[in-house]
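Student: I would like to go through this structure by question and answer. Please show it first.

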Amino acid sequence: MKMIGFIAILLIVFLVSISMGAVEINPFNMTDLEQSIMLRVRLPRVLMAGLIGAALALSGVLFQYVMKNPLADSFTTGVSASSAVGAVVAILLGISELIPLFALLGGIGGLYLVYNIASYKEYTQPITMLLAGIVLSTFATSLISLMKYFSSDGVSSIIFWLMGGFQGAAPLKVLSLFIALILSFLIVRRDYLKLDIICFDDATACGAGIDVNKMRKKLFFIAALLTAFSVGYAGIIGFVGLIIPHLIRLSGLVKASVLLPSSLLIGASFMMAADLIARIILRNGQELPVGIITSTVGGIFFMYLLMKRKKELYYFS
Amino acid sequence: MKIRLIVIICLLLLPVNLYAAGKIIVLYPAVSPILSELGVTKQVVGTTSSDETFKDTVKVGSHLKPNIEIITSLKPDLIIAGSKMTWPEEMRKSINSEVFYYNPKTLNEILEKITELGILLNAPAQAAKLNEKLKAQLSAIKPISKKITVIYEVTENPLRTAGIDSIENSIIETAGGINLIKIEKKNVPISIEKVIELNPDLYIYQIGPMNKSPQKPQDRYQFKSLKSKFLSVNELEFARPGINSFDETIKLNKFFQGLCP
């Protein structure tokens with residue numbers, strides 16, 4: 001029942017998003033110019049926002065399964081920051097068309113590092129992985145600061161790019177993101193039961209016949225890939241991977257079979273709504289970077305939920 | 001005795017500013033050509049690493065992050081900075097030097113700053129001469145039969161354009177155009193939808209440190225419906241307020257003339 005509600009929310013947010021923007025457009029009576037704005041600018045942007053929201057939410061859930069830690073997301077695992085290093089290198093080299101590729105390479109490099117640091121004889125420790133991720137994130141952030149320092153006049157370009165946004169949306173990007181997201185979802189969809197079981201201790205999971213290390217490796221790779229895609233296309237957008245899965249859990253949906261698809265739907269709705277606010281909150285067509293909206297709205301909302309429900313959910317149940 | 005007298009007379013005939021100004025550090029590269037025109041060259045002891053005018057001076061870091069130790073060691077009498085963010089006023093006491101802020105947003109403000117610099121550096125005559133030269137340059141501007149509407153791209157992604165508080169705005173307006181972004185900011189993050197709706201006659205995009213390798217606007221998927229002409233300009237020449245701003249105004253005016261037969 002809740003899933004139907006989530007689908008309805010997604011559809012409503014999508015319709016509101018495409019009907020509002022810097023330019024007033026009547027979807028039922030469009031001029032040629034309005035049609036062009038709708039098809040070439042607004043629609044690809046709304047779709048890309050939705051897909052990136054879904055991708056970040058899915059990667060957040062997967063990281064939380066891999067790390068067995070509710071605070072894990074693309075930031076704490078270092079993948080976001082290492083992807084951003086790749087993207088900033090591309091900006092500095094003046095090859096902005098290769099930003100997604102560089103972000104992907106950066107993300108894969110980060111993934112390789114974290115996985116190797118946390119692995120010992122084919123075994124991986126989630127807590128070591130989390131620590132390695134935090135260290136990598138700090139290191140990558142300092143590398144970005146160093147590059148910002150040396151870029152001098154170009155520093156504002158890097159700062160604005162890192163704040164995130166969907167202005168670069170184009171059909172090819174939307175399509176590649178859609179394919180990556182669908183493939184990732186289909187792969188993890190087959191492992192719903194295994195995902196529920198690996199939430200217990202490793203011995204229990206192994207006893208149930210699950211190759212825990214292989215499973216973690218696979219999930220980590222998919223989550224990192226989704227993050228790298230997102231950073232490459234839209235910069236760093238915080239909080240989505242962390243708050244969306246929590247929101248779903250707080251609404252009582254904890255089984256992987258509902259948590260994952262719900263995260264996709266709510267992640268997409270949240271990001272489209274955040275982007276809509278970023279597009280219309282200022283007058284005269286000015287825009288805010290979407291990362292500011294997600295972090296502000298998400299942070300406040302998440303804090304409120306934690307304050308309100310911590311008693312029953314975390315401490316005294 | 002005769003030789004001594006001749007030397008004294010020669011020294012007295014030299015421009016006054018050669019005696020007046022002490023050591024100068026320039027933290028805003030666009031000022032250096034002005035100083036050079038004012039004849040204030042030997043006094044400049046420090047410049048930023050990107051300063052092309054005074055190549056043999058001590059480099060004191062970048063204009064955004066100048067090195068205080070190097071600056072202190074040069075014992076300057078005057079520091080010329082772009083803004084209080086790069087060189088706070090409080091530094092005046094610790095370094096014990098005067099600070100001159102050079103941050104003009106219009107061509108007229110550039111002329112005013114040149115006059116102020118002339119007085120400060122005891123070269124008012126040279127400043128007046130330079131101002132006359134720049135004003136004479138502007139008199140070459142020809143009226144345009146129709147006002148050309150313009151949007152100036154500062155960065156491609158995210159899209160930021162020049163607002164009212166920018167030298168780009170002043171150049172466009174003086175050259176006979178209208179900047180369609182009527183927002184009182186230097187750089188304005190703007191919606192692509194808005195740009196398409198405004199549909200300017202001319203879309204100028206800068207290439208330089210802030211916009212390293214933008215895709216040609218005419219090739220951008222979102223801009224396919226834009227009927228504008230496109231013009232690329234050098235960021236360092238167009239977006240840095242200085243003597244170059246007057247040259248760019250003339251060039252833009254000529255381009256406008258080509259658009260209005």
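Student: How far apart do the C-alpha centres of domain 1 of chain B and domain 2 of chain B lie?
Tutor: This is a predicted model, in which local features need pLDDT of at least 70, side-chain atom pairs count only at pLDDT 80 or more, and totals for chains, interfaces and linings use all residues. Residues are numbered from 1 along each chain as its sequence is written, while chains are lettered from A and ligands numbered from 1 in the order in which they are written. Chain B is divided into domain 1 (19–130) and domain 2 (148–259), with bounds that come from an automatic or database domain assignment. The C-alpha centres of these two domains are separated by 29 Å.

Student: Which helix gives the most to the side of domain 1 of chain B that touches domain 2 of chain B?
Tutor: Two residues are in contact if their C-beta atoms, placed from the backbone, lie within 7 Å; here the contact takes 10 residues from domain 1 of chain B and 12 residues from domain 2 of chain B. On the domain 1 side, α3 (32–38) and α6 (107–120) of chain B each supply at least two residues. Helices (H or I, at least four residues) and strands (E, at least two) are DSSP runs, numbered from the N terminus. With three residues, the most is given by α3(B).

Student: Which element of chain B gives the most to the side that touches chain A?
Tutor: The contact between the chains takes 31 residues from chain A and 26 residues from chain B. Within chain B, at least two residues each come from β9 (187–189) and α9 (192–198). The most, five residues, comes from α9(B).

Student: Are α3(A) and α5(A) roughly parallel or roughly antiparallel?
Tutor: Helix α3 (residues 79–93) of chain A packs against helix α5 (residues 126–151) of chain A at about 15°, with their axes 8 Å apart. Axes are lines fitted to C-alpha atoms, for helices over the stretch in contact, and angles run from 0 to 180 degrees between N-to-C directions. Angles under 35 degrees count as roughly parallel, over 145 as roughly antiparallel, 65 to 115 as roughly perpendicular and the rest as oblique. Therefore α3(A) and α5(A) are roughly parallel.
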